[in-house]
Amino acid sequence: MPAELPPISYASVIVGFLGFAFTFFTFIRVFWVSMMTMWNAPKELRQLLDNLRTELFGERAYFKNAIKQARSKSRKSTRDPPDIMPLSILSDSIKNMLSDFRTLEAPFLHNDEHTDDLDIEKSGKVSLRGDYGRMDIRRRLRWLHTKDDFMDIQNKVTRMQARRIAYETSDTLS
């Protein structure tokens, strides 16, 4: 005659099966999201990187002009006015983000080459569309690993734009 299991054993078995099912379906979900990210990599890469490039270059151009205007308004004083300090800090942040963006973008460019911004500005050829190479499996895997880094830069740029708008608004009101 088989021995009866205590009720706590039944509860333990149910909890064990539920834990296994949760773990299994979490694994399936993560695997599915990773596969969809790799499948959609060419479209996502072009959209995200071109939009991010446009926003970064736009913000950099804005801060260059804003600092230039602030300095021209205060040519009478010998030192930089206090209005320039927040602008230069934000400008430096944009330069750092642009540097991070270029580092992350380099493996996706055609032949892994990228041009320096100084060359672009000197030649007058400002292209806001990247020349991205073919999306082979190596680049798709790299995209899977670096997509979150690009999204992080995108979030930082959005916060920077909010700060810039707040600065413009407070500057206009005063």
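The accessible surface of the protein chain amounts to about 12,500 Å², and 60% of this area belongs to carbon and sulfur atoms; accessible areas were computed by the Shrake-Rupley method with a 1.4 Å probe, and for residues only the protein chains shown count as cover. The model is predicted, so local features require pLDDT of at least 70 and side-chain atom pairs count only at pLDDT 80 or more, whereas totals for chains, interfaces and linings use all residues. Residues are numbered from 1 along each chain as its sequence is written, and side-chain values use heavy atoms, with hydrogens and water left out.

Of the 174 residues of the protein chain, 29% count as buried. Buried denotes a relative accessible area under 20%, exposed over 50%, and partly exposed in between (1.4 Å probe, protein chains only). The secondary structure consists of 5 helices and 0 strands, and the elements run α-α-α-α-α from the N terminus on. Helices (H or I, at least four residues) and strands (E, at least two) are DSSP runs, numbered from the N terminus. Among contacts between residues at least 6 apart in sequence, 82% join residues at least 24 apart, where contact means heavy atoms within 4.5 Å.

The packing of two helices was examined in detail. The axes of helix α2 (residues 41-73) and helix α3 (residues 84-105) come within 9 Å and cross at roughly 155 degrees. That angle makes α2 roughly antiparallel to α3. Axes are lines fitted to C-alpha atoms, for helices over the stretch in contact, and angles run from 0 to 180 degrees between N-to-C directions. Angles under 35 degrees count as roughly parallel, over 145 as roughly antiparallel, 65 to 115 as roughly perpendicular, and the rest as oblique. The crossing of α2 and α3 is left-handed, a term used if the near helix is turned anticlockwise from the far one by less than a right angle. Residues of α2 that meet α3 include Leu 49, Leu 56, Phe 63 and Ile 67, and those of α3 include Leu 87, Ile 94 and Phe 101. By class, this contact has 15 nonpolar, 2 polar and 6 charged residues. Ala, Val, Leu, Ile, Met, Phe, Trp, Tyr, Cys and Pro count as nonpolar, Asp, Glu, Lys and Arg as charged, and the others, Gly among them, as polar.

Individual residues were then considered. Glu 59, found in helix α2, is buried, with a relative accessible area of 4%. Beyond its neighbours within four places in sequence, Glu 59 is in contact with Ile 94, Gln 161 and Arg 164. The C-alpha atoms of Glu 59 and Leu 90 are separated by 9.4 Å, although these residues lie 31 residues apart along the chain.

Glu 55 is also placed in helix α2 and is partly exposed, with a relative accessible area of 25%. Leaving aside neighbours within four places in sequence, Glu 55 is in contact with Gln 154, Val 157 and Gln 161.
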